[in-house]
Amino acid sequence: MTELRSILDEAVRQELISPEAGGRLLPFLTERGVGVAEAQPAMAAEGQVWSDTETPRFVRGFHDVLITIGVAVALGGLWGLAALYAVLPAIIVLSEILVRRQRLALPAVSLTIALFCWTVLLMSFFFKPGTAFFNDIGADMTQFVAGFPIILGLYYARYRVPLSLALCIMSALALVLALLLRLVQWASGDPAFFGNHPMVLAVAFLACALGLFATALYFDLGDRLRRTTRSDIAFWLHLGAAPALLFSVRLLISFDGSWLDVAQSVSIKTPVVVISVAVLMLIGLVIDRRAFVTSGLLSLGFAIYGIFRQGSATVDTYIYTTLIVVGAIVLIIGTGWMPLRRIVLRALPAAISQKLPPAVLAATS
C-alpha cells in the first residue's frame with residue numbers, strides 16, 4: 001500500500017489529480033484489492049506492522065534544504081536593498097517556480113513565512129495598533145489583523161501550501177477575537193474596559209484558542225491515517241493551538257494584570273501551568289501529535305524554573321536543574337511515545353479510539 005500511496009502522491013505532484021482526490025482514491029482502491037506488490041518490512045516477519053502517522057511532508061530531501069537556503073539568502077538581501085513593495089513580486093515569482101511548478105515542500109514553507117513577515121510589515125506601515133492594544137481595541141487593531149486572512153487566503157488559493165491555510169485560519173480567528181473585543185468594549189462604553197476587566201479578555205482569548213484547537217481536530221480526524229494535505233494543515237494548526245491554550249490559562253490565573261510576564265512565579269500559578277502542560281501532553285498522546293506536546297515545553301520550562309526559584313537555590317542551580325528536568329521529560333516522552341500511546345488508546349472507549357490515528361506499532365497476530 002505504501003507503493004500505491006507513492007504513485008498517487010506522484011500523480012498529485014504532476015497535477016494529474018487533486019490532493020483531495022488522491023486522499024480519497026487510496027482507501028477506495030485498497031478496499032477493492034488494487035495494490036502494488038511490495039516487500040514488507042523486516043518487522044512483518046515478527047508479526048508486526050510499522051506505521052508512522054506523523055511524518056512531516058515539508059522536508060523531502062537535502063535538495064529542498066539547499067533551495068530553501070538560497071531563497072532565504074536571496075530574499076534577505078533583497079529585503080535589505082529594495083523597498084517593501086519589491087519583495088512581494090520576488091515571493092510570487094519564486095512561488096510560481098518552486099511551489100506551483102516544481103512542488104518543493106520546504107521552499108513553499110519558507111516562502112509562506114516570508115509572505116507572512118511581509119504582511120506584518122505592510123500592515124504595520126498603514127495601521128498602528130500600538131503596544132497597549134489589549135487595553136484599548138481601536139479600529140487600527142482590527143484593520144491590522146484583517147489583512148492577514150485576505151493575503152494568506154489568496155496565496156493558499158493559488159499555491160495550496162498547507163501552512164498558508166493554517167496561518168489564514170489563525171489570523172481569521174484573531175480577527176474574530178478583535179471584532180468581539182471591539183464589540184464588548186463599545187457596549188461597555190469604556191475604552192479601557194479590558195484593562196479594568198482582564199478576566200473578560202482571558203475568557204474571550206480562551207474561546208478563540210479552543211476554536212483553533214477544534215479546527216485542528218476537524219482537519220486531523222478527517223484524515224486519521226494522515227495521507228492527505230489535511231494532516232499537514234492540522235500539524236500547523238496544532239503547533240499554534242497548544243501555546244494559545246497555555247497563554248489562555250496564563251491569562252485566567254493572572255489576576256494582577258501582568259499576564260505577559262510568563263516567567264513570573266506566584267505559588268498558585270506555577271503548579272497550574274505545570275498541570276496544564278501535563279494535560280496538553282496527554283491530549284497530544286491521544287491525538288498522536290508530538291508537535292502539540294513540543295510547543296508546550298517552553299511554558300513547562302518557565303513553570304519548573306519558577307518552582308525552583310521559590311526555593312533557596314542559587315541562580316545557576318535552578319537554571320541548570322530546569323534544563324535537566326525538561327530534557328529528561330522530553331527524552332522519556334520521545335522514547336516512550338509508542339508504548340505510552342498504546343496504553344492511552346486501550347484506556348479509551350472503542351467508539352473514540354477508532355476515530356483517532358491508529359497506534360504507531362500494532363501487532364498483526
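Guide: A salt bridge is a side-chain nitrogen of Lys or Arg within 4 Å of a carboxyl oxygen of Asp or Glu. The model shown here is predicted, and it holds six salt bridges.

One of them joins Glu96 and Arg158, whose closest N and O atoms are 2.9 Å apart. Because Glu96 lies in helix 4 and Arg158 in helix 6 (residues 139-159), this pair ties together parts that are 62 residues apart in sequence. Arg158 is partly exposed, with a relative accessible area of 39%.

A second pair to examine is Asp220 with Arg289, a salt bridge in which the closest N and O atoms are 3.0 Å apart. This pair also links distant parts of the chain: Asp220 belongs to helix 9 (residues 198-221), while Arg289 sits in the loop between helix 11 (269-287) and helix 12 (290-294), 69 residues apart. Both Asp220 and Arg289 are buried.

Next comes the salt bridge between Asp288 and Arg226, with 3.6 Å between the closest N and O atoms. Here two loops are linked, since Asp288 is in the loop between helix 11 and helix 12 and Arg226 is in the loop between helix 9 and helix 10, 62 residues apart. The burial of these two residues follows from a cut-off: buried means under 20% relative accessible area. Asp288 has a relative accessibility of 0% and therefore counts as buried. Arg226, at 5%, likewise counts as buried. Salt bridges that share partners join Asp220, Arg226, Asp288, Arg289, Arg290 and Arg341 into one network.

Arg103 is another non-glycine residue with a positive phi, near 55 degrees. Arg103 is placed in the loop between helix 4 and helix 5 (105-126). At 24% relative accessibility, Arg103 counts as partly exposed, whereas Asp288 is buried with a relative accessible area of 0%.

Of its 25 residues, 19 are buried, so helix 10 is largely enclosed by the rest of the structure.

Ala178 has a relative accessible area of 3% and is buried. Between Ala178 and Phe205 there are 27 residues of sequence separation, and the two lie 9.8 Å apart in space, C-alpha to C-alpha. Ser171 is also found in helix 7, and it is buried with a relative accessible area of 8%. Leaving aside its neighbours within four places in sequence, Ser171 is in contact with Val145, Phe148, Pro149 and Leu152.

The cysteines can be treated briefly. Cys168 is buried, with a relative accessible area of 15%, and Cys208 is buried with a relative accessible area of 15%. A disulfide requires a pair of cysteine sulfur atoms within 2.5 Å, and by this rule the count comes to zero disulfides.

Finally, the part may be set within the whole. The chain contains 16 helices and two strands. Buried residues make up 40% of its 365 residues. Among contacts in the chain with a separation of 6 or more, residues 24 or more positions apart account for 69%. The chain exposes about 19,000 Å², of which carbon and sulfur atoms supply 70%.

Technical notes: Residues are numbered from 1 along each chain as its sequence is written. This is a predicted model: local features need pLDDT of at least 70, side-chain atom pairs count only at pLDDT 80 or more; totals for chains, interfaces and linings use all residues. Side-chain values use heavy atoms; hydrogens and water are left out. Buried means under 20% relative accessible area, exposed over 50%, partly exposed in between (1.4 Å probe, protein chains only). Helices (H or I, at least four residues) and strands (E, at least two) are DSSP runs, numbered from the N terminus. Contact means heavy atoms within 4.5 Å. Accessible areas come from the Shrake-Rupley method with a 1.4 Å probe; for residues, only the protein chains shown count as cover.
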